[in-house]
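Let me put the model up, and then I'll walk you through a few spots on the inside.

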Amino acid sequence: MQFQQLAYFLAVAETRHFTRAAEVSHVAQPSLSRQIRNLEEELGASLFSRARGNITLTPAGEALLPLAQRIVADTETARHEVQQLAGMRRGRLRLGATPSLCAGLLAEALAGFHDRFPGVGLQVEESGSRDLIRALGRGELDLALIILPLQSNDPAFVTTPILRENLVVVHAADAPPPTQRASMRITDLRDRPLVMFRHGYDVREATLHACRAAGFEPRLAVEGGEMDAVLRFVEAGLGIAVVPSMVLKNRPGLRGTPLAQPRLLRTIALAHRKDVDPSHTARAFRRHLMAYLTHLTRDDLGEDLEVIAPLHH
């Protein structure tokens, strides 16, 4: 259930007409209808009776109406309050993120935040998840997008899972694919040259753990790279690599092959220190990021990325 779906539901409930609801929502009518159908499929019940063009709420729609009104109203109130904060006219946001996120979704999310709050200075620390957790603990960051689970049971951090992603095997687009099948098993990596990230990258640890659990030690062709270096080494034909699926966007020199079950998954979370109240700018960015994620479509995300951010904050 997404915020925009609830907003579209309320527009239809108010206008009792799908075309007029689309007009007031500034969206194409087929898109609005599709989102309503998706919401009904998720809830397992029809929300509107569409007999002879007469749009009325079903019992399920009547039950959802006050809940949707409250969620949408609370969200709009929160957005208004954040925009009115004096600190938003000036300020600083120190954000940590993994390289795959910096190369993927984060740029667009930050661009939207900057448009809304141009007076806030943005400082981005790009590093592996373990390094970001240490920087967050030292107070060098306000927020960090990190990979769960944390390597220690440190209660000093509050984490909110927002994305779940499959890892994929990448190879150079001009080289033969590593398999003729639609997917690869971890055991298919045995004796193949791997390009491996430096220490501190969660993808490195996940790949090594999966290989060792399958009974072999991977053969490393190149070791120690950052994200962009690893991708360039693969493009140059030095080997294959296990990477987050989102980094393949706008990389025509690479091709990805999904891993067969059990897949290698990673959960991305937004983290902050438990003993320090987030700043006005940090809270505003958190709200902005959640709203941004809930508006992403399946085309935006691709087949290997799933938004799991909670709808209401």
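Glu165, setting aside neighbours within four places in sequence, is in contact (heavy atoms within 4.5 Å) with Pro244, Ser245, Met246, Leu264, Leu265, Arg266, Ile268, Asp304 and Leu305. Keep in mind this is a predicted model, where local features need pLDDT of at least 70, side-chain atom pairs count only at pLDDT 80 or more, and totals for chains, interfaces and linings use all residues. Residues are numbered from 1 along each chain as its sequence is written, and side-chain values use heavy atoms, with hydrogens and water left out.

So, is Glu165 buried or exposed? Buried, with a relative accessible area of 0%; the cut-off for buried is under 20%, using a 1.4 Å probe and protein chains only. The Glu165 side chain reaches two backbone nitrogens: that of Met246 at 2.7 Å and that of Ser245 at 3.0 Å.

Leu289 touches Ala109, Leu145, Ile162 and Leu270, not counting residues up to four places away in sequence.

In soluble globular proteins, nonpolar side chains tend to be buried together.

That's me done, thanks.

Key
Buried means under 20% relative accessible area, exposed over 50%, partly exposed in between (1.4 Å probe, protein chains only). A polar contact is a pair of N or O atoms within 3.5 Å; within protein, one must be able to donate a hydrogen and the other to accept it, and residues adjacent in sequence count only if both atoms are side-chain atoms.
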